[in-house]
Amino acid sequence: MPQSNGIYYAESRGGGRLFPPVVLIHGAGSNHLVWPAEIRRLKGYQVLALDLPGHGKSQGVALHAVEDYTRAVEEFLSGLNIYSAILVGHSLGGAVALDLCLSHPDRVVGLGLISSGARLSMSVEILESLSNPTTFALAYSLLEKRLFGSEVDEAVAEKTLAMLRSVRPGVLYGDWSACERFDRCEEVSRITCPAWVAVGTEDHLTPVYYSRYLVGQLASAELDLYHRAGHMLLLEKPQALARGLARFLSRIEVL
């Protein structure tokens with residue numbers, strides 16, 4: 001089972017040696033399998049999809065701050081002797097990618113932010129519901145209403161919710177707490193590497209204006225809007241999202 005500093009990862013070796021690897025960072029309460037095959041096995045690129053600490057097959061415990069996850073991902077990359085990468089993150093994973101880009105700008109040559117933002121002010125009602133075992137059911141009910149867009153396939157929604165219910169409530173609460181405290185609005189304009197920002201027009205957790213703010217602050221960013229998709233954009237529109245990511249990667253020039 002491939003690991004680096006206790007972090008499990010799956011790898012697709014489709015790319016050439018001269019192009020940096022694409023590193024996928026999942027969102028709250030997820031693991032590397034949340035990424036659809038169209039992205040995990042993106043043709044023409046080396047892709048690494050990791051499990052954050054305490055998630056999936058990784059060791060350790062789930063953390064409660066984006067900065068701690070950032071440190072873990074940086075150590076993961078160093079353990080594999082990866083000193084230049086394209087980071088692509090969903091939701092919480094996007095916050096980690098953005099934070100790592102701010103703390104180690106020399107190591108990030110491209111940044112993909114899916115359903116994310118420079119600030120992640122999540123639903124207080126969901127956070128409070130996750131903090132108490134007697135209200136977990138309410139939290140899952142609220143998530144069911146807010147995770148998806150109007151065109152989501154019922155099977156995709158059921159599979160996503162089953163994944164979240166299989167996660168220890170403490171892990172989901174810790175991830176949600178990390179999101180709630182994350183705010184890099186004052187710093188995000190320092191990022192100069194190429195960036196790709198993708199969001200569903202019906203995202204109720206990280207709405208479109210989060211993504212528009214990112215594009216307005218980042219020096220070199222492009223925005224892709226996916227109509228009638230929600231927060232789980234990567235599962236709702238996997239093929240379209242994979243095409244958007246491939247277009248972005250094709251525009252990155254590596255010296």
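Helix axes here are lines fitted to C-alpha atoms over the stretch in contact, and angles run from 0 to 180 degrees between N-to-C directions. With that in hand, α2 (residues 66-79) and α3 (residues 92-103) pack at about 70 degrees, their axes 9 Å apart. This is a predicted model, so to speak of its limits: local features need pLDDT of at least 70, side-chain atom pairs count only at pLDDT 80 or more, and totals for chains, interfaces and linings use all residues. Residues are numbered from 1 along each chain as its sequence is written, and side-chain values use heavy atoms, with hydrogens and water left out.

**α2 against α3**
- Helices are DSSP runs (H or I, at least four residues), numbered from the N terminus.
- The angle of about 70 degrees between α2 and α3 makes α2 roughly perpendicular to α3 (65 to 115 degrees counts as roughly perpendicular, under 35 as roughly parallel, over 145 as roughly antiparallel and the rest as oblique).
- α2 passes α3 in a right-handed crossing (the near helix is turned clockwise from the far one by less than a right angle).
- On the α2 side, V66, E67, Y69, T70, V73, E74 and L77 meet L92, A95, V96, D99, L100 and S103 of α3, where contact means heavy atoms within 4.5 Å.
- Sorted by class, that contact has eight nonpolar, two polar and three charged residues (Ala, Val, Leu, Ile, Met, Phe, Trp, Tyr, Cys and Pro are nonpolar; Asp, Glu, Lys and Arg are charged; the others, Gly among them, are polar).

**α5 against α7**
- α5 (residues 136-146) and α7 pack at about 55 degrees, with 12 Å between their axes.
- That angle makes α5 oblique to α7.
- Here the crossing is left-handed.
- F136, Y140 and L143 of α5 touch P169, L172 and W176 of α7, a contact of six nonpolar, no polar and no charged residues.

**The cavity**
- Searching the whole structure turns up one cavity of 30 Å³ or more (on a 1 Å grid over the protein atoms alone, a set of points where a 1.4 Å probe fits but cannot get out; lining residues have an atom within 4 Å of a point).
- The largest cavity holds about 140 Å³, a volume being the space filled by probe spheres set on grid points joined across faces, edges and corners.
- Its lining has 16 residues, and A28, L147, W176, H231 and M232 are the closest to the centre.
- α6 (154-166) and α7 (169-181) each give at least two lining residues, with the largest share, three, coming from α7.
- By class, the lining splits into 11 nonpolar, five polar and no charged residues.

How values were computed: On a 1 Å grid over the protein atoms alone, a cavity is a set of points where a 1.4 Å probe fits but cannot get out, and a pocket is an open set with protein on both sides within 12 Å along at least five of seven lines; lining residues have an atom within 4 Å of a point.
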